[in-house]
Protein chains: 4
Amino acid sequence: YLRAVRLRKTSLLILALAFIAGSATLAYALEPSTFGTWFNALYWVLTTMATVGYGDYYAKTAAGKTFTIFLYIFGIGLLSLIIGKIVDSVAAIHRQREAGKL
Amino acid sequence: YLRAVRLRKTSLLILALAFIAGSATLAYALEPSTFGTWFNALYWVLTTMATVGYGDYYAKTAAGKTFTIFLYIFGIGLLSLIIGKIVDSVAAIHRQREAGKL
Amino acid sequence: YLRAVRLRKTSLLILALAFIAGSATLAYALEPSTFGTWFNALYWVLTTMATVGYGDYYAKTAAGKTFTIFLYIFGIGLLSLIIGKIVDSVAAIHRQREAGKL
Amino acid sequence: YLRAVRLRKTSLLILALAFIAGSATLAYALEPSTFGTWFNALYWVLTTMATVGYGDYYAKTAAGKTFTIFLYIFGIGLLSLIIGKIVDSVAAIHRQREAGKL
Ligand SMILES: [K+]
Ligand SMILES: [K+]
């Protein structure tokens, strides 16, 4: 059972990394002059998925804006899922330490 | 029972699409020079509902700002509901595949 | 029992409105030249509590930034609570209508 | 049992304060000219963790942007955990007062 849970977490992480890398590649392909480098496109994808949106980078073409809307609908849920899993993992480690101390 | 759930999901989607299209139309009617096109108003409505807020578009008149506040109160909850449903659906498909593989 | 629930919702709404109005008044008092009008300070408070943060208004003084941090810690939770209650209410009305139709 | 819960809340608060202060120190060390003062770096860290992201401050170097991505993955979950605990505490105090009144 524990192994199945670990498999699920690993496949979720692989899915998320593939989604993020693919989104950065597509964003950079759609608007190379907006981002300048692939790393900046990656940074913008994560800034969008985290809903921070500083405004230092944003899509300027209709195609780029349409892809941004796609990122809102699929990317935000995915990153909040990942953040939730990390909070759970940290909380579990924390509880184990507390239990060890008491 | 499954059919009732599907009906509920469909009617939620129709409600959301109508809300988004109506909001874009109203935003564009209130501040045409801010958005330039209806598509840009739609992009701004979704940027607001996703709480990303790049700052490339924002309301400038008191009427536009009042409508923005309305979007905060009703739009953010609606989009996070939709994102939650999508996460659930993706997770369900994911679980079925995992179950098929094991 | 239902009356107690309604009382709690009403008192939460009064608390939220007082918090929002008080925050706008304090923000406007701290940085009148940043906001120009009390309504703009109110718009900025709600833009912050909704975590949208367009960047059209933001605190410039150390006192204003300290108050902004206070808004992050107490305001964001409060508005997301209100949005959650509204989603629940709309979902409840929706369910009643669906039940009526079937 | 109650004492264990209180211990956990205190250690979470200490963890969060250490994370926030350390992040501000690192951000200021990475990009001193972006922030100007340590307090501005702290304000930016909290603006990022709260996902508000006004855009008045943002990382400009690759190192700074990489640290920003780290903040998205670990900081956002931590601050939303803290905000959730505060909402629970305020709701608990609220319920006790209501119970006292009835
Ligand atoms: K934001
Ligand atoms: K923003």
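Which protein donors does the potassium ion (ligand 1) have? In this predicted model, where local features need pLDDT of at least 70, side-chain atom pairs count only at pLDDT 80 or more, and totals for chains, interfaces and linings use all residues, side-chain values use heavy atoms, with hydrogens and water left out. Residues are numbered from 1 along each chain as its sequence is written, while chains are lettered from A and ligands numbered from 1 in the order in which they are written.

The donors of the potassium ion (ligand 1) are the O atoms of A:T51, A:V52, B:T51, B:V52, C:T51, C:V52, D:T51 and D:V52, at 2.8 to 2.9 Å from the ion. Donors are N, O and S atoms within 2.8 Å of the metal (3.2 Å for Na, K and Ca); water is not among the atoms, so sites may look incomplete. The potassium ion (ligand 1) and the potassium ion (ligand 2) lie 3.2 Å apart and are bridged by A:V52. A:V52 is in the loop between α3 (38-49) and α4 (62-101) of chain A, and D:V52 is in the loop between α3 and α4 of chain D, so the pair joins two chains. Helices are DSSP runs (H or I, at least four residues), numbered from the N terminus.

Between chain D and chain C, 18 residues of chain D are in contact (heavy atoms within 4.5 Å) with 24 residues of chain C. The buried area, that is, the accessible area (1.4 Å probe) that two parts lose on being put together, summed over both, is about 1900 Å² for chain D and chain C, with carbon and sulfur atoms giving 71%. On the side of chain D that touches chain C, α3 (38-49) and α4 (62-101) of chain D each supply at least two residues. By class, that side of chain D has 11 nonpolar residues (Ala, Val, Leu, Ile, Met, Phe, Trp, Tyr, Cys and Pro), 2 charged (Asp, Glu, Lys and Arg) and 5 polar (the others, Gly among them).

For chain B and chain A, 18 residues of chain B are in contact with 25 residues of chain A. The area buried between chain B and chain A is about 1900 Å², and carbon and sulfur atoms give 70% of that area.

Chain D is superposed on chain C by a rotation of 90 degrees with 0.0 Å of shift along its axis (RMSD 0.0 Å). That is the relation of a four-fold axis. The superposition is by least squares on the C-alpha atoms of residues with pLDDT of at least 70 in both copies. A rotation of 90 degrees, with 0.0 Å of shift along its axis, likewise superposes chain B on chain A (RMSD 0.0 Å).
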